[in-house]
Amino acid sequence: MSVADLLAVLFPQFALLHVEFVGSAGRSVRVHARGRTAGASCPGCGAWSERVHSGYERRIGDTAVCGQELVLHLRVRRFFCDNEECGKRTFAEQIPGLTFRYGRCTVPLRKVREAVALSLGGRAGARLAEHLAVGVGRDALIRLIRALPDPATEPVRVLGVDDFALRKGHHYGTVLIDIEGRRPVDVLPERSADGLAAWLTEHPGVEVICRDRARYYAEGADRGAGTATQVADRFHLWQNLGEAAERAVARLRQQWVPPAPEKEEVVLPEVADGRRVQRTRARHAAVHALVSKGVRHKEIVAELGLDPKTVCRFMRAATPEELIGSRPSGRQSSLDGHAAYLIARFNEGCYSADRLHRELAEPGLTVSERTVRRFVHRLRENAKPTTHTPIPKVREVTWLILTHPDNRSEADRVVLKELRDRSPDLDAACDLVTRFASILVNRRGQEELEQWTADAESSVLPELRKFATGLRKDWDAVLAGLTLRWNSGPVEGHVNRIKMIKRQMFGRAKLDLLRRRVLLTRP
């Protein structure tokens, strides 16, 4: 391959240009060129002209070369338009596939910037464009998105409909998806029956409409495409059943929850004797042992090595408790007389040492917070932990019921069996949920849905009776959802993508900008 052929492959945009000079200036590559053709076509009437009026230099940004910015210094000619019926007297030449009117960049660079803008938005797109050496501001990228035309709407046979939050809890829009092509076809600014009916009227040919169980979409589908088959999404049906099962489990919880054991009261524990107490007891026993043998006072003093007054005090005390006192330490405490109150409050459920200290200090009692904290710590150590079997929560039991039997662990099977044995109503709920799951997964609505609905309506569970009543109100769509292969899975995927785009655009994701990014970006 020759150098000329190599340049033609690497720079096809320069095929219609005569390059005069290539150089570098700082971090950019400068290319000076002019057009090869003798004339140009008038953009107003299309007439060819070779009569030059004037010329000027036009600086245009182009796609990067080896990580460097490429600037094209293009010598542009202005021609006369000789067509007297044309409103233009002069016009500037454009290089096909390279330049466009009022453009500060080439067509390939504009396409790169549009792709960056659609993929990342303003701020993030500007950061990436800087690394790609095609730098552009975030506001310019947003203007590029808004300048893009809407894509052509092709006929849709299977339509998916769902809502998304423009401002959660306040304002919602509607996204319409071509289920077969898995692509968005339109974004509506409201969530209403009128909006959907108007769109369906303007775009005839829809045969199947996949939707959730919202009444406004059902009404809009009836009004805009009365002959179309409406399909209730299986995910939403399963979600509605799960909510009904959770309410039933919460109501039946008392049937399988064992009564709470009575709480034992805490008493102040006995404190082990300290060294001083043990020494006092030993000396008292030694003195009285010698006294019982008839040993005199002086001899006891000499044998034990104690002070005479101490020996007299031990001889007078009948028991060591008279020498030790009422407390094991033999000292007075600021909590004397208030221990019973603290124990009673602890048994009532007040375990905070700070709060107990405040309650004692309010009447004017001077007591250290540290003393109260040590006392409460002794009570906590003496409290016997109540052992009882852990009780599964409502959400946990609901999850066990909704989980496929093959995916339950052995421990989960044991727990669920025990709960079903304790509560006959819970056992009936499990049977109904299992049967509905089989209908949903295997799409046997045509054969078994009628019988299941009748059994649910005659059951003792008001939550499932209400769910079955809701199925009757939207019977045709529910039956189609549990029979046909269509579902709203692609719609939910695009709703998640819309959430990502909104977070990416922060506060600038207004509806017109959001709509173009949703419709023009390929997932």
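The legends below describe close-up views of a predicted model.

**View 1. Crossing of helices H8 and H10.**
Helix H8 spans residues 275–292 and helix H10 spans residues 308–316. Their axes come within 9 Å and cross at roughly 80°, which makes H8 roughly perpendicular to H10. On the H8 side the contact involves Thr280, Arg283, His284, Val287, His288 and Val291. These residues meet Val311, Phe314 and Met315 of H10. By residue class, the contact of H8 with H10 consists of five nonpolar, three polar and one charged.

**View 2. The buried face of helix H13.**
Helix H13 covers residues 353–361, and its buried residues are Ala353, Leu356, His357, Glu359 and Leu360. Viewed down the axis of H13, the buried residues fall within an arc of 160°, so they line one face of the helix. An α-helix has 3.6 residues a turn, so residues three or four places apart point the same way. Helix H12 (339–347) and helix H14 (369–382) are the elements against which the buried residues of H13 pack.

**View 3. The two sides of helix H4.**
Leu141, Ile142, Leu144 and Ile145 are buried in helix H4, which runs over residues 138–147. Down the axis of H4 these buried residues fall within an arc of 155°, so they line one face of the helix. Arg143 and Ala147 are exposed on the other side of H4. The cover over the buried residues of H4 includes helix H2 (107–120), helix H3 (123–131) and helix H22 (511–520).

**View 4. Alanine 126 in helix H3.**
Alanine 126 belongs to helix H3 and is buried, with a relative accessible area of 16%. Not counting residues up to four places away in sequence, alanine 126 touches Val136, Gly137, Arg138 and Leu141. Alanine 126 and aspartate 427 are separated by 301 residues in sequence, and their C-alpha atoms are 60 Å apart in space.

**View 5. The largest nonpolar core.**
This core has 36 residues, of which Ile401, Leu426, Phe436, Trp452 and Leu482 touch the most other members. Two or more residues each come from helix H7 (234–256), helix H15 (394–402), helix H16 (410–422), helix H17 (424–442), helix H18 (445–457), helix H19 (462–473) and H20. H17 provides the largest share, eight residues. Apart from neighbours within four places in sequence, phenylalanine 436 is in contact with Leu237, Trp238, Leu241, Leu449, Trp452, Phe467, Leu471 and Leu482. A second, separate core has 34 residues, including Val134, Ile142, Ala480 and Ile498.

**View 6. Serine 488 between helices H20 and H21.**
Serine 488 is in the loop that joins helix H20 (475–481) to helix H21 (489–505). Its relative accessibility is 3%, so serine 488 counts as buried; the cut-off for buried is under 20% relative accessible area. With residues up to four places away in sequence left out, serine 488 touches Cys210, Arg211 and Asp233.

**View 7. Positive phi at tyrosine 102 and alanine 133.**
Tyrosine 102 is not a glycine, yet has a positive phi of about 60°. Tyrosine 102 is placed in the loop between strand E7 (90–92) and H2, and is exposed, with a relative accessible area of 72%. Alanine 133 also has a positive phi, near 60°, in a residue other than glycine. Alanine 133 sits in the loop between H3 and H4. In contrast to the exposed tyrosine 102, alanine 133 is buried, with a relative accessible area of 14%.

At 23% relative accessibility, phenylalanine 11 counts as partly exposed. Between phenylalanine 11 and phenylalanine 80 the separation is 69 residues in sequence and 31 Å in space, C-alpha to C-alpha.

Technical notes
Residues are numbered from 1 along each chain as its sequence is written. This is a predicted model: local features need pLDDT of at least 70, side-chain atom pairs count only at pLDDT 80 or more; totals for chains, interfaces and linings use all residues. Side-chain values use heavy atoms; hydrogens and water are left out. Axes are lines fitted to C-alpha atoms, for helices over the stretch in contact, and angles run from 0 to 180 degrees between N-to-C directions. Helices (H or I, at least four residues) and strands (E, at least two) are DSSP runs, numbered from the N terminus. Angles under 35 degrees count as roughly parallel, over 145 as roughly antiparallel, 65 to 115 as roughly perpendicular and the rest as oblique. Contact means heavy atoms within 4.5 Å. Ala, Val, Leu, Ile, Met, Phe, Trp, Tyr, Cys and Pro count as nonpolar, Asp, Glu, Lys and Arg as charged, and the others, Gly among them, as polar. Buried means under 20% relative accessible area, exposed over 50%, partly exposed in between (1.4 Å probe, protein chains only). The arc is that of the directions from the helix axis to the C-beta atoms. A nonpolar core is a set of buried Ala, Val, Leu, Ile, Met, Phe, Trp, Tyr and Cys residues joined through side-chain atoms within 4.5 Å.
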